[in-house]
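Please find below a colleague's note on the model under review.

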Amino acid sequence: MVMNLPNIDTDYLLNFLTGLLNTPSPTGLAMPGIEFTERALGAFPALSLNRTRKGALLATWPGQKADAPRALTAHVDTLGAMVKEVKSNGRLKLTKIGGYAWNTVEGEGCTVFASRGQALRGSLLLSKASGHVYGKKVSELERDDDNMEVRLDARTSSDEETEKLGVRVGDFVAFDPRVEVTNGFVRSRHLDDKACVACLVAAVQAVLTAELQPAQTTYLFISNYEEVGHGAAAGIPPGTTELLTVDMAAVGEGQTSDEYHATLCVKDSGGPYHHGLNQQLRTLADRYQIPYKVDIYPYYGSDGEAYWHAGGDVAVALIGPGVDASHNYERTHLEALTATTQWVMAYLLEE
Ligand SMILES: [Zn+2]
């Protein structure tokens, strides 16, 4: 048993997180996020890195023992969209990738990754956006697939002109994260779940800097299809006995979670998590005085449950930092990130 957890390099954590947040990786086009994480973990020779055929990143970290391997997972894929239609006015109708409401990205800048590799800038607007032209309709019109459109920052007013720019049905669209770090707060889109990928990477860095080794051989599974429900359904190595899912905690009215604690989620839309592993995580948090909450998330599913649904015979638990306004313009605080990283380290080092 370690007496004190290793120190976390919070500059390293925030630098990695900011870089990852600024790397567009909507589900289906998440490879840049995988590559960014792979470059960071590649600096640690103790880990061996592999990609699954589906494109996830699997890091294997040999432990003091290998008789009961453990896995931790977090996802780099984010909410996003895809071009559904090139409209006759040259603007783009979108289809959503992942679960969110259009009003959460209304007015946001975006990048369209066109079919021939070029990236075009634009913004997502209501089709009747001008207050001087449409009056009350600007507030009254329903924000649905038909009423939202991308205005490209390019000279086009017809479908032919837009298609000449290389834009096609099926092109991916990423919304700007608008990352800002102030007074320990991190405000950005897609803290779900890049914040937790940063916690995992910072935990690896801290444990290795302290010249420690995980108690058991440990797999870090960086998933790339979580937001559509099947990220960790495949790719966790056979023989794994426990899966600790690291994903954001839902903050809001009636929730115990907040931006200054890590949360243990004991139940979400997929039902209860593994009681035995939950109890072990509470014991660890108490022992190391990690600031934590216990909560239930009303509209939430995780990659741990994806693995359970796929037949994974392991104990699954879920921890993560409190994120305000999730699947919207999100925010968390360094205190929640630190608590989550400490909890990950406590779990890694626990015999
Ligand atoms: Zn998530």
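**Notes on the predicted model**

1. Among chain contacts between residues at least 6 apart in sequence, 76% join residues at least 24 apart. The model under discussion is a predicted one. Its secondary structure comprises nine helices and 19 strands.

2. As to overall dimensions, the chain has a radius of gyration of 21 Å, which agrees with the value near 20 Å that a compact globule of 351 residues would have. Taken along the principal axes, the box filled by the C-alpha atoms is roughly 65 × 40 × 40 Å.

3. Burial and surface may be taken together. Of the 351 residues, 55% count as buried. The accessible surface of the chain is about 14,600 Å², and carbon and sulfur atoms account for 49% of that area.

4. H75 (NE2), D192 (OD), D247 (OD) and D247 (OD) coordinate the zinc ion, at 1.9 to 2.5 Å. The angles subtended by the four donor atoms run from 53 to 142°, which makes the arrangement irregular; a tetrahedral assignment would require all angles to lie between 85 and 135 degrees.

5. Along the chain, the zinc donors follow the spacing H-x116-D-x54-D. H75 belongs to strand β3 (residues 65-75), whereas D247 is in the loop between β13 (242-246) and β14 (249-250), so this pair ties together parts that are 172 residues apart in sequence. Are these two residues, H75 and D247, buried or exposed? Both H75 and D247 are buried.

6. D192 and D193 are joined by a cis peptide bond, with omega about 10°. D193 lies in helix α6, which spans residues 191-209.

7. Most residues other than glycine have a negative phi. N183, although not a glycine, has a positive phi of about 55°. This residue, N183, sits in the loop between β10 (180-182) and β11 (185-188) and is exposed, its relative accessible area being 69%.

8. H327 also is not a glycine, and its phi is positive at about 55°. The loop that holds H327 runs between β18 (315-323) and β19 (330-333). With a relative accessibility of 23%, H327 counts as partly exposed, since the buried class ends at under 20% and the exposed class begins at over 50%.

Methods:
Residues are numbered from 1 along each chain as its sequence is written. This is a predicted model: local features need pLDDT of at least 70, side-chain atom pairs count only at pLDDT 80 or more; totals for chains, interfaces and linings use all residues. Side-chain values use heavy atoms; hydrogens and water are left out. Donors are N, O and S atoms within 2.8 Å of the metal (3.2 Å for Na, K and Ca); water is not among the atoms, so sites may look incomplete. Four donors count as tetrahedral if all angles lie between 85 and 135 degrees; four count as square planar and six as octahedral if opposite donors are over 155 degrees apart and all others between 65 and 115; anything else is irregular. Helices (H or I, at least four residues) and strands (E, at least two) are DSSP runs, numbered from the N terminus. Buried means under 20% relative accessible area, exposed over 50%, partly exposed in between (1.4 Å probe, protein chains only). The radius of gyration is taken over C-alpha atoms; the globule rule is 2.2 Å times the number of residues to the power 0.38. Contact means heavy atoms within 4.5 Å. Accessible areas come from the Shrake-Rupley method with a 1.4 Å probe; for residues, only the protein chains shown count as cover.
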